[in-house]
Amino acid sequence: MTIKVGLLGLGTVGTGVVRIVEGHQEDLQRQTGLGIRIEKVLVQDISKNRAVAFGEGVLTDKPADIIANPDIDVVIEVMGGIEPAKSYVLEAISRGKHIVTANKDLMALHGEEIMTEAAAHGCDVFYEASVAGGIPIIRTLTEGFSSDRITKVMGIVNGTTNYILTKMSKKGAAYEDVLKEAQELGYAEANPGSDVDGLDAARKMTILATLAFRTNVDLTDVKVQGIRKVSKEDIAYGKRLGYEIKLLGIAECHQDEISVSVQPTMVKTTHPLASVNGVFNAVYVYGESVGETMFYGPGAGELPTATSIVSDLVNVVKNLRMGVNGRTATLAYKEKKLRPDTDICSKFYILLHVADKAGVLARITQVFAENEVSLESVNQQPNPVNPMAEIIIITHTANQAAMNQVLEAFRQLDVVQEIKSVYRVEG
């Protein structure tokens, strides 16, 4: 028996899927006990030259040739975006086809609807490649930690921003210069907003938090701050204090209350995430029983991402042989409770530009005292290109609500010219 696959899209990742399926036939046969063949591939232009060769009739520009084809068992969606991908996936499920997708946007925004439909029709939906490319983090959360209770997921889940921050750290370069370099190398899009504004990472953290905490997390629940305002001064000051700046996704659960954020974060250089550089991703998972674990690897790319997709395909085929399709879906079952700012706690890094005169530091520290925020370290130094003094502060652990009050008080102080930077501190 041969399992026939329909492929929606033939970009970089789709091409990688074809290469792995065709190049690993013996391995796939031994793992699944069945043959696997790519029956149809949906493309926009059939006449276009391709990096991989196909037999006559495999390429099509008609979605129905895959979705409505009774011979096709599994649909792999690598088109990206919401529509028409969502419509194609839902229609395929309604016709009893199993789904493998790499579409983080689709699963972050419509995952609950898709998984519910799949369960109703006895279909598998696997989406390992939607988060962190070649790292099997979704399978780890749903299977490896199935007997544990996860309390925190923290990670670098966007390779573009990690590349930019790594280059800024190692070269002492400005954000704009490194962004331009990343665009020239193809690591950043011409319009890099989804990456540098944290939106890509937020979608991935929505997926991870939903799986980790067994509750339906919406994208709107994620507090997002990108890296556009991270300066080379921030990175230099952080290094002096023993920190690297990373764009971290952080999802936490305490007493069934959750918080999810994406933000530039000062990470202690002794923490494993501080040494994750370039376009690589890493996800740190805290379990009540297992303790701390970290998963590291390439976050994107043709073959790493395609490897995750084909691994999901193998799982679908194994389920077909055992007759258990649609029974392995992880549906959220807990009521969502968002943690208030008064209970979201961390250390904070603050860089202030202030008047360079006597008594200013005392006024600054008084604001912290009035809001019951204690300080771990305070450094004041002149800036040769700025007539104002710079005060660099690391707090002890404080709640977000108290920090919000501190920052609002600073905005009212005449001696504070600018709140230049505020970052969470980890490690």
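**The sheet and the helices around it**

Author: Strands, like helices, are DSSP runs numbered from the N terminus, a helix being H or I with at least four residues and a strand E with at least two. Please keep in mind that this is a predicted model, in which local features need pLDDT of at least 70 and side-chain atom pairs count only at pLDDT 80 or more, while totals for chains, interfaces and linings use all residues. Residues are numbered from 1 along each chain as its sequence is written, and side-chain values use heavy atoms, with hydrogens and water left out.

Reader: In which sense do β1 and β2 pair, and over how many bridges?

Author: Strand β1 (residues 2-8) and strand β2 (residues 35-42) pair in the parallel sense, over 7 bridges. Two strands are said to pair if DSSP finds at least two bridges between them. In general, the strands of a sheet pair through backbone hydrogen bonds, either parallel or antiparallel.

Reader: What is the order of the strands in the open sheet?

Author: The open sheet has 6 strands in the order β3-β2-β1-β4-β5-β6, and the pairing is parallel. Its edge strands are β3 (59-60) and β6 (125-126), each of which pairs on one side only. Helix α12 (residues 302-322) packs on this sheet and touches β1, β2, β4 (74-77), β5 (98-101) and β6, with a direction that makes about 165° with that of β5. Touching here is contact, meaning heavy atoms within 4.5 Å, and angles run from 0 to 180 degrees between N-to-C directions, the axes being lines fitted to C-alpha atoms, for helices over the stretch in contact.

Reader: Moving to helices, at what angle do α6 and α10 pack?

Author: Helix α6 (residues 137-144) and helix α10 (residues 199-213) pack at about 15°, with their axes 9 Å apart. That is why α6 counts as roughly parallel to α10; the classes are roughly parallel under 35 degrees, roughly antiparallel over 145, roughly perpendicular from 65 to 115, and oblique for the rest. Ile137, Ile138, Leu141 and Thr142 of α6 make the contact with Ile207, Leu208 and Leu211 of α10.

Reader: How many residues of that contact are nonpolar, polar or charged?

Author: The contact of α6 with α10 has 6 nonpolar residues, 1 polar and no charged. Ala, Val, Leu, Ile, Met, Phe, Trp, Tyr, Cys and Pro count as nonpolar, Asp, Glu, Lys and Arg as charged, and the others, Gly among them, as polar.

Reader: And how do α7 and α8 pack?

Author: The angle between α7 and α8 is about 125°, and their axes are 9 Å apart. The two helices are therefore oblique to each other. Tyr163, Ile164, Lys167, Met168 and Lys171 in α7 meet Tyr175, Val178, Leu179, Glu181 and Ala182 in α8, and by class this contact has 7 nonpolar, no polar and 3 charged residues.

Reader: Which residue forms a salt bridge with Glu181?

Author: Glu181 forms a salt bridge with Lys171, and their closest N and O atoms are 3.5 Å apart. Glu181 lies in helix α8 (residues 175-184) and Lys171 in helix α7 (residues 159-171), so the pair ties together parts that are 10 residues apart in sequence. A salt bridge needs a side-chain nitrogen of Lys or Arg within 4 Å of a carboxyl oxygen of Asp or Glu, and a search of the whole structure finds 27 of them.

Reader: Changing topic, where is Pro84?

Author: Pro84 is in the loop between β4 and α4 (85-94), and a cis peptide bond joins Glu83 to Pro84, with omega about 5°.
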